[in-house]
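Subject: Handover of a protein structure

Dear colleague,

Please find below the structure that I am handing over to you. My notes on what was found in it follow directly after.

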Amino acid sequence: MLPSRRGHPARVPAALALLLATAATGTLAACGDTGGLESAGATPAARQPARLWPGLTPASSPAYDIGEVEHAPVAGVAVPGGDIRRANPVAAVQAEIAAHPDDYADAKARYHETSVRMADCGPDGAGDERGGCPVLRPYYRDLTGDGRPEMTLGFRLLPDRLTAVRVYTVEKDRLVRVMSYEDAVSAVELAGRTVIVRSPSEVAGYEYRLQWTWDADQGAMLLTSDEMLRTDDGGQHTKRPSASPSPPASPSSAPSVPPSSAPSVPPSSAPSVPPSASTR
């Protein structure tokens with residue numbers, strides 16, 4: 001999760017910290033305490049970034065559309081009383097399928113199997129645990145900071161081994177999609193105002209970690225971090241899957257998840273790499 005500047009503890013300047021450490025070392029040495037602090041050596045000098053190609057003409061528009069802002073009202077899905085927990089998650093997916101017939105409707109469409117398996121989902125949106133409903137269990141968490149929960153929803157893109165991740169909020173009793181992403185997903189986490197999606201990498205021992213964070217000015221979850229990080233699997237290689245028969249789909253249900261039960265984001269010691277497009 002990207003940390004907020006508000007409420008951060010004060011940072012001690014490096015020079016002052018070194019001075020305090022040196023003074024403490026001298027004081028302890030004067031007292032004859034051989035187990036005192038020891039100097040770690042000189043602090044490396046700070047260097048400003050070196051700008052390359054200063055005469056390069058600045059770009060006036062992005063080369064690729066990676067879907068930076070997603071704010072799309074979902075037609076035909078009721079939100080009784082403005083409570084997103086009462087909105088039907090299966091209906092939200094069905095509305096998206098209906099809006100993109102080229103991807104789902106035709107027999108040769110890439111995700112035609114997803115539209116076929118929607119018939120296995122229960123009418124109340126809970127799905128059939130023994131069936132092949134592609135809609136995954138929805139999770140509810142306040143991601144915008146307004147005190148009301150948003151709905152984080154996933155569904156399988158079949159027959160490809162891909163997962164679509166969506167976030168919905170409510171505006172004036174209308175369901176609004178504020179995040180949309182699909183990939184070969186290995187894990188999804190919620191932390192504060194951030195959605196984290198982990199995906200396998202072609203590089204052995206690494207994974208992609210993408211973060212979307214709520215932005216009130218845009219009224220959407222923005223892609224704020226795209227990193228390649230070391231994994232904890234001892235360097236095991238996990239290849240990003242291509243289109244192939246999918247494993248059994250997860251059933252759908254619609255329980256609420258208490259905020260305290262959401263997984264935390266483990267700190268990473270690996271450096272990040274420059275951002276890349278979200279569709280690889």
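Y104 counts as buried, at 4% relative accessibility; here buried means under 20% relative accessible area, exposed over 50%, and partly exposed in between, with a 1.4 Å probe and protein chains only. Please note that this is a predicted model, in which local features need pLDDT of at least 70 and side-chain atom pairs count only at pLDDT 80 or more, while totals for chains, interfaces and linings use all residues. Residues are numbered from 1 along each chain as its sequence is written, and side-chain values use heavy atoms, with hydrogens and water left out.

**Aromatic pairs**

The whole structure contains two aromatic pairs. Rings of Phe, Tyr and Trp (its six-membered ring) are paired if their centres lie within 6.5 Å; planes under 30 degrees apart count as stacked, over 60 as edge-to-face and the rest as tilted. Y111 is buried, with a relative accessible area of 9%.

The other pair, Y181 and W212, is tilted as well, at 4.8 Å centre to centre and 50 degrees between the planes. Y181 belongs to strand β5 (residues 174–183) and W212 to strand β8 (residues 206–215), so this pair ties together parts that are 31 residues apart in sequence. Helices (H or I, at least four residues) and strands (E, at least two) are DSSP runs, numbered from the N terminus. Y181 and W212 are both buried.

A ring also takes part in a contact of another kind: the charged end of R230 sits over the ring of Y206, 5.1 Å from its centre. The criterion is that NZ of Lys or CZ of Arg is within 6 Å of the ring centre and within 35 degrees of the ring normal.

**Nonpolar cores**

A nonpolar core is a set of buried Ala, Val, Leu, Ile, Met, Phe, Trp, Tyr and Cys residues joined through side-chain atoms within 4.5 Å. In soluble globular proteins, nonpolar side chains tend to be buried together. The largest core in this model has 27 residues, of which V135, Y168 and L175 touch the most other members. At least two residues each come from α2 (89–99), β3 (150–157) and β4 (162–171). The largest share, five residues, is supplied by α2. Apart from this core lies another, of 16 residues, including V167, M179, Y181 and M221.

Which residues does Y168 touch, not counting those up to four places away in sequence? They are V74, I84, A92, E96, E150, M151, L153, L175, V176 and R177, where contact means heavy atoms within 4.5 Å.

T114 lies in helix α4 (residues 112–117) and is buried, with a relative accessible area of 0%. Residues up to four places away in sequence aside, T114 touches I97, Y104, P134, F155, R156, L157 and L158.

T152 is found in strand β3 and counts as buried at 8% relative accessibility. Beyond its neighbours within four places in sequence, T152 contacts R137, P138, Y139, L143, R166, V167 and L190.

**An open sheet**

Four strands form an open sheet in the order β6-β7-β8-β9, with antiparallel pairing; two strands pair if DSSP finds at least two bridges between them. β6 (187–191) and β9 (220–230) stand at the edges with a single partner strand each, so one side of each is left without a neighbour in the sheet. Strand β7 (residues 194–200) pairs with β8 in the antiparallel sense over seven bridges. Within this pairing, V197 has L210 in β8 as its bridge partner.

**Backbone details**

L158 and P159 are joined by a cis peptide bond, with omega about 10 degrees. P159 is placed in the loop between β3 and β4.

W53 lies in the loop between α1 (14–30) and β1 (72–73) and counts as exposed, at 62% relative accessibility. D173, also not a glycine, has a positive phi near 65 degrees and is found in the loop between β4 and β5.

With kind regards
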